[in-house]
Amino acid sequence: MASKTIAVVGATGAQGNGVVRAILAAGGDDFNVRALTRDVTSAKARELAELGAEVVVGDYSSPEGLAEAFAGADGAFLVTDFWTHMDPEKEQAYVRNLIDAVQKAGVKHVVWSTLEDTRELIPVDDPRMPTLLGTYKVPHFDAKAEADEFFRVAGVPTTFLRTTFYYENLADALAPARDGEGRLVLNIPMGDAPLAGIASGDIGRVALSIFRGGSEYVGRTVSIAGDVLTGKEIAEALADALGEPVEYRPVTHDQFRAFGFPGADEYGNMLQYYTEFAAEFTGPRDPAKVRELTPEVRSLREWLAEVGYRLPNAA
């Protein structure tokens, strides 16, 4: 029986689910896994329980409940879901609750899923990109980066895991769409810049590698990607998976922000950050180095083949 327990926050979300499944797929040779979720009766939670996870209630807004959920855990994977509320202050309040809970539980190693502070490269007063919510350029990046310091000040033994764009977005909000003539077009506003991407499940595989590394990774920042491709290269990979041409026809960032869906301005800012600071963002995310840590991390083409890529709502 495994002697250590990893508690995973947001276990039914993209990243948390990937961590839980990665630990379960390892066969329990290193760790037991405890899956924290607000609703233990949901279909996703029941599925994790059937696979062998210990599923318990864990709510960001309940410090007392979180402390109980972390009790006895040796490690913890922490992630917050900004998109459910889109409020940096609420995001950081939840992080403080998580920190308080892991400290009370005496957790020895935390892997915190985080991102860069975009304002280090494009200040709030820089007119090239709209400022959002008064003090942010890309709030879900910047608020997480600010929260990094909470872990340091509290003395929590933490690995800072910097993630990136999910491949899954290419099967959802950023999937190719047909133009007026029926041709498939990919409109991601990246110009000729490369985009770092990863399968969300592979974030879980890297997190497991970090937990296996233990104290060696405490205090370190690990930046990850499974592939770094231009929009044209992404379109070519999608075309091969779909068996028909996909044209890369990028819109501008202003056009993207004007699409008007909830969070379009922030999403547009994020993609502009990816574009204008591609070297700074992709540089630390070297897929070859990531695979030295976790060989199972997939390229985009490998992921497309594995999932049997299809367009949204395709028959």
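This report covers pockets, a cavity and one alanine in a predicted model.

## The largest pocket

Rolling a probe the size of a water molecule over the atoms shows where empty space is left. The largest pocket has a volume of about 1000 Å³. A total of 42 residues line this pocket. Closest to its centre are Ala14, Thr80, Asp81, Trp83 and Tyr166.

Several elements give two or more residues to the lining of the largest pocket. The helices are α1 (14–25), α4 (88–105), α5 (139–154) and α9 (264–276). The strands are β2 (31–37), β5 (109–114) and β7 (165–166). By class, the lining of the largest pocket holds 17 nonpolar, 17 polar and 8 charged residues.

## The second largest pocket

How big is the second largest pocket? Its volume is about 390 Å³. The lining of the second largest pocket consists of 22 residues. Gly18, Arg21, Ala22, Gly201 and Arg205 are the closest to the centre.

Two helices, α1 and α6 (200–213), each supply at least two residues of this lining. Helix α1 also gives two or more residues to the lining of the largest pocket. The second largest pocket is lined by 7 nonpolar, 8 polar and 7 charged residues.

## The cavity

The count comes to 1 cavity of 30 Å³ or more. The volume of the largest cavity is about 70 Å³.

Which residues line the largest cavity? They are Phe165, Tyr167, Leu170, Leu195, Ala196, Gly197, Asp227, Val228, Leu229, Ile234 and Leu300. Strands β10 (194–198) and β12 (227–230) each supply at least two of the lining residues. The lining divides into 9 nonpolar residues, 1 polar and 1 charged.

## Alanine 73

Now to a single residue. Alanine 73 sits in the loop between α3 (63–70) and β4 (75–78). Is alanine 73 buried or exposed? The relative accessible area of alanine 73 is 3%. Buried means under 20%, so alanine 73 counts as buried.

What is alanine 73 in contact with, leaving aside its neighbours within four places in sequence? The partners are Thr5, Ala7, Arg34 and Val107. Alanine 73 and asparagine 32 lie 41 residues apart in sequence. In space, their C-alpha atoms are 9.3 Å apart.

Terms used
Residues are numbered from 1 along each chain as its sequence is written. This is a predicted model: local features need pLDDT of at least 70, side-chain atom pairs count only at pLDDT 80 or more; totals for chains, interfaces and linings use all residues. Side-chain values use heavy atoms; hydrogens and water are left out. On a 1 Å grid over the protein atoms alone, a cavity is a set of points where a 1.4 Å probe fits but cannot get out, and a pocket is an open set with protein on both sides within 12 Å along at least five of seven lines; lining residues have an atom within 4 Å of a point. Grid points are joined across faces, edges and corners, and a volume is the space filled by probe spheres set on the points. Helices (H or I, at least four residues) and strands (E, at least two) are DSSP runs, numbered from the N terminus. Ala, Val, Leu, Ile, Met, Phe, Trp, Tyr, Cys and Pro count as nonpolar, Asp, Glu, Lys and Arg as charged, and the others, Gly among them, as polar. Buried means under 20% relative accessible area, exposed over 50%, partly exposed in between (1.4 Å probe, protein chains only). Contact means heavy atoms within 4.5 Å.
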